[in-house]
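Please look through the sequence and the model below before reading on.

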Amino acid sequence: MKVFIEPIGKLINEFSKLPGVGAKTAQRFAYKIINMSEEEAKEFADAILNAKRNVHYCKICGNFSEGEICDVCKVRKGDRKTLWR
């Protein structure tokens, strides 16, 4: 059984919560983050937070969108048949 110092253990634990990420992959991700420069780590963290804050589900089709309605639904102006032709 591996024992990690608390900051590494928490990072591994959080990565292992992602779908398809096992213990070894979570460790690799954690070590990669630790070996990044502070600026790289900040950019990575900012990208996660930016996506979390700004990506939503389209109210019409459920696709990912930065606004209430995705670009596809804006173009087809609510004509759902257009997408499937």
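Is Cys73 buried or exposed? Cys73 is buried, because its relative accessible area is 2%, where buried means under 20% relative accessible area, exposed over 50% and partly exposed in between, with a 1.4 Å probe and protein chains only. This is a predicted model, in which local features need pLDDT of at least 70 and side-chain atom pairs count only at pLDDT 80 or more, while totals for chains, interfaces and linings use all residues. Residues are numbered from 1 along each chain as its sequence is written, and side-chain values use heavy atoms, with hydrogens and water left out.

Cys70 also counts as buried, at 1% relative accessibility. A disulfide is a pair of cysteine sulfur atoms within 2.5 Å, and the count by this rule is 0. The sulfur of Cys70 has its closest cysteine sulfur in Cys61, 3.6 Å away, and is therefore too far for a bond. Cys73 is likewise in no disulfide, the nearest cysteine sulfur, that of Cys61, being 3.7 Å away.

Leaving aside neighbours within four places in sequence, Ile12 is in contact (heavy atoms within 4.5 Å) with Phe4, Ala26, Gln27 and Ala30. Gln27, found in helix H2 (residues 23–35), counts as buried at 14% relative accessibility.

By contrast, Tyr57, in strand E1 (residues 56–57), is exposed, because its relative accessible area is 58%.

Technical notes: Helix = DSSP H or I, 4+ residues; strand = E, 2+ residues; numbered from the N terminus.
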